[in-house]
Amino acid sequence: MKSLKTLFLQAPSFDGFDGGAGSRYQAKREIKSFWYPTWLAQPAALVPGSRLLDAPVEELSVEESLKIAAEYELVIIHTSTPSFPTDAKFAELLKARRPDVLIGLVGAKVAVDPIDSLKASPAIDFVAREEFDYTCKEIAEGRPLEEVAGISYKLADGTVKSNPPRAMIENMDELPFVAPIYKRDLKIDRYFIGYLNYPYVSIYTGRGCRSKCTFCLWPQTVGGHRYRVRSAANVIAEAKWIKENMPEVKELMFDDDTFTDSSNLERVHEIARGLHALGWTWSCNAKANVPYETLKIMKENGLRLLLVGYESGDDQILHNIKKGLRTDIARKFTENCHKLGIQIHGTFILGLPGETKETIAKTIQFAKEINPHTVQVSLAAPYPGTKMYDQAIENGWLEPNQAVNLVNDKGVQLALISYPHLSKEDIFHGVENFYRSFYFRPSKIWEIVREMMGSWEMTKRRLREGVEFFRFLRAHEA
């Protein structure tokens, strides 16, 4: 078998579009920000001599990206429901330039809709349906497509064939570190998230999530509902590698769906202590139910911030989306974080099943009362492959296939779901109202000003974000 010269690609897209994120929502942010393309870096680490190219972050044009991609025999593109049309178009342009190139697509969109994705463009040769790390490795090694588990692909006559599924990876420690790929191929200074210390690095310490939230994309498509984790020693070893080889990095972010899963707290404590010994400041995703004792251990060992999905301030809505959480538990958790000096970036969603004008007002009030340091407000996004998408189709809240237009031609998220008692417009403008109500309070303004006074670096950041935020509000009013 002759191995193929391989490129892992985030194709050029909308300016500031975050389609390859580990985030639940693939759209432009209120403030321009980019997550690391970890899902592509992982297979890139398995394929010797490969390259990872993040075209949106490097601000490469279609022409510049085509020129680079045409040098490769195998090009694997990470796609998402919103970015799929432009990704397929890029594949067609690449095939026209280099007809013998093998092009594959990976990501949640093609995992849940492999056949229609393949049929959408003659330029797409194969798609990966499950976890695709070893799938990519085997194809890059030159193995014939008919022998590779977990893919659907086109035969010479254009018909589509699906191979048997690929088993989930059980031993997560067998995967190589992604950080060396970041250092080798990415421009670290281009990755910026408003609430993380700059420059930051994000990695996964495990995959999957035991929570059953109906809207959440990754556990229902690629990751699964079992939380499969790397050992604490393995995570600490990668943190040590980053500390020694990327000394400019100021913060480590663990992007697991729920790093603080309750089945896993001893491992969390062990990782926290290991990070503290290395002198790390770190952050992670958390559910709003972490016990005080664990929060205390994390804080004492370098934790700075938690990214917390509150979603709603209404208990019935939390029940409707199977969040497995109540607002009283979330309140107590937040009080504990405030007491311990842990910052929170809180995320909320408007337009979930059961939403009314009253529940939107209730969620805004809840957010103001618990007062996370910063917030992100998203519109309910019915991604194909999620329970919420099926619900929306069943109940007539969404037209079938409409979800392909989750964002507009600029990459800004659209409100798609509407209810008999609540229009799309009401939900869309609820976002802008939420941000204004939360941030334009004297106490919150003073909090931000005080933070800026403590550091010139923070002043520059907040001013830049402020300009982008006001642009976002203006665009939202339009």
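**Exercise 1. Determine in which order the six strands of the open sheet are arranged, and which strands lie at its edges.**

Solution. The six strands of this open sheet follow the order 8-11-12-13-14-15, and their pairing is parallel. Here strands are DSSP runs of E with at least two residues, helices are runs of H or I with at least four residues, and both are numbered from the N terminus; two strands pair if DSSP finds at least two bridges between them. The edge strands, each of which pairs on one side only, are strand 8 (200-203) and strand 15 (374-379). In general, strands of a sheet pair through backbone hydrogen bonds, either parallel or antiparallel.

The model is predicted, so that local features need pLDDT of at least 70 and side-chain atom pairs count only at pLDDT 80 or more, whereas totals for chains, interfaces and linings use all residues. Residues are numbered from 1 along each chain as its sequence is written, and side-chain values use heavy atoms, with hydrogens and water left out.

**Exercise 2. Check whether the length of helix 14 agrees with its number of residues, and find what its buried residues pack against.**

Solution. The expected span is 1.5 Å times one less than the number of residues. Helix 14 (residues 327-340) has 14 residues and should therefore span 20 Å, which agrees with its end C-alpha atoms being 20 Å apart. Its buried residues (under 20% relative accessible area, with a 1.4 Å probe and protein chains only) include F333 and L340. The buried residues of helix 14 pack against helix 12 (292-300), strand 13 (303-311), helix 13 (315-320), strand 14 and helix 15 (357-370). After helix 14 comes G341, whose phi is positive, near 80°.

**Exercise 3. Decide whether S80 is buried or exposed.**

Solution. First place S80, which lies in the loop between strand 3 (74-78) and helix 4 (84-97). Because its relative accessibility is 2%, S80 counts as buried.

Terms used. Buried means under 20% relative accessible area, exposed over 50%, partly exposed in between (1.4 Å probe, protein chains only). Contact means heavy atoms within 4.5 Å.
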